[in-house]
Amino acid sequence: MKKRNTVFAVLLSAAFLLTACQNSTEPAAEDTAVNTNSDTAGFENIKVRKLDGTETDMNSILSSAELTVFNVWESSCISCQSEMEALAALGDQYSGRGVQIIGVIKGVTQKRDEEALAVISKTGANYIQLLDSEELQKMMPGLYEETPSTVLYSREKEQLGTVYAGARDEDFWGKEIEKYHSEVCENDHPADCAVG
């Protein structure tokens with residue numbers, strides 16, 4: 001009986017771990033709904049630290065591009081890594097066109113975390129990587145329910161679409177970025193909205 005309980009506990013733990021970090025590039029059955037009642041007042045004033053230890057704030061980050069893609073990932077998550085590769089390729093493709101990719105390393109609060117640096121090197125995700133913080137978790141709670149999770153924001157600090165839970169491939173993200181990029185580009189920032 002004790003052996004059977006131990007086997008059951010191991011199987012249950014394995015099932016829990018597999019559902020927390022999906023290894024599929026297919027969209028999840030349901031995306032987390034947009035929380036239109038979320039309190040984003042002060043969102044832009046949140047201080048954040050980058051993986052290299054430098055400090056900035058969300059206002060500076062969001063005002064740097066017409067469209068910002070936030071992707072929360074964990075070093076141990078394999079599907080996170082494949083999505084990071086896709087986002088890195090798209091970040092290169094949209095360089096100079098008003099789109100930026102920002103990584104948020106879930107659970108990592110210390111600068112120059114070796115595991116995180118190894119994943120970034122392996123995936124080519126050389127875009128800005130933010131350390132985790134309570135402030136970020138409070139302001140973007142939907143991003144912390146599952147990894148990877150991704151959400152898009154406009155320069156005006158408006159959430160665009162839903163929080164996408166689970167990994168997606170480069171084709172999916174290319175279409176989503178293009179859709180929202182064309183919506184948020186404004187004439188007063190022509191360099192950000194360049195087509196090529």
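# A guided tour of the sheet and its helices

Welcome! The protein in your viewer has six helices and seven strands; helices (H or I, at least four residues) and strands (E, at least two) are DSSP runs, numbered from the N terminus. This is a predicted model, in which local features need pLDDT of at least 70 and side-chain atom pairs count only at pLDDT 80 or more, while totals for chains, interfaces and linings use all residues. Residues are numbered from 1 along each chain as its sequence is written, and side-chain values use heavy atoms, with hydrogens and water left out.

**Stop 1: the whole chain**

Colour everything by secondary structure and follow the chain from its start. The pattern along the sequence is α-β-β-α-β-α-β-α-β-α-β-β-α. Of the 196 residues, 43% are buried, where buried means under 20% relative accessible area, exposed over 50%, and partly exposed in between (1.4 Å probe, protein chains only). Now think about contacts, meaning heavy atoms within 4.5 Å. Among contacts with a separation of 6 or more, 72% come from residues 24 or more positions apart.

**Stop 2: the sheet**

Next, show the strands. You will find an open sheet of five strands in the order E5-E4-E3-E6-E7, with mixed pairing. Its edge strands are E5 (128–131) and E7, each pairing on one side only. On average, neighbouring strands here are turned by 20 degrees against each other, direction ignored. Two strands count as paired if DSSP finds at least two bridges between them. Strands of a sheet pair through backbone hydrogen bonds, either parallel or antiparallel.

**Stop 3**

Select residues 67–73, which form E3. Seven of the seven residues of E3 are buried. Leu67, Val69, Asn71 and Trp73 point one way, and Thr68, Phe70 and Val72 point the other. E3 runs parallel to E4, joined by seven bridges, and valine 69 stands opposite isoleucine 101 in E4. Moving on, E4 (residues 99–105) also pairs with E5 in the parallel sense, over four bridges. Look there for isoleucine 102, opposite isoleucine 128 in E5.

**Stop 4**

How do E3 and E6 pair, parallel or antiparallel? They pair in the antiparallel sense over six bridges, with threonine 68 opposite tyrosine 153 in E6. Select E6 (residues 149–154): six of its six residues are buried, so E6 is largely enclosed by the rest of the structure. Ser149, Val151 and Tyr153 point one way, while Thr150, Leu152 and Ser154 point the other.

E6 also runs antiparallel to E7 (residues 159–165), joined by four bridges. Leucine 152 stands opposite leucine 160 in E7. Four residues lie between the strands of this hairpin, and there lysine 157 takes a positive phi near 65 degrees.

**Stop 5: glutamate 176**

Now select glutamate 176, in helix H6 (residues 170–184). Is glutamate 176 buried or exposed? Its relative accessible area is 11%, so glutamate 176 counts as buried. Apart from neighbours within four places in sequence, glutamate 176 is in contact with Leu152 and Tyr164.

**Stop 6: helices H3 and H4**

Show H3 (residues 78–93) and H4 (residues 114–123) together. Two packed helices are described by the angle between their axes and the distance between the axes. Axes are lines fitted to C-alpha atoms, for helices over the stretch in contact, and angles run from 0 to 180 degrees between N-to-C directions. H3 and H4 pack at about 55 degrees, with axes 9 Å apart. That makes H3 oblique to H4; angles under 35 degrees count as roughly parallel, over 145 as roughly antiparallel, 65 to 115 as roughly perpendicular and the rest as oblique.

Display the side chains where they meet: Gln81, Met84, Glu85 and Ala88 in H3, and Val119, Ile120, Lys122 and Thr123 in H4. Then turn to the sheet again: H3 lies across E3, E4, E5 and E6, running at about 160 degrees to E3.

**Stop 7: threonine 109**

Threonine 109 has 40% relative accessibility, so it counts as partly exposed. Leaving aside neighbours within four places in sequence, threonine 109 is in contact with Arg49, Leu131 and Asp132.
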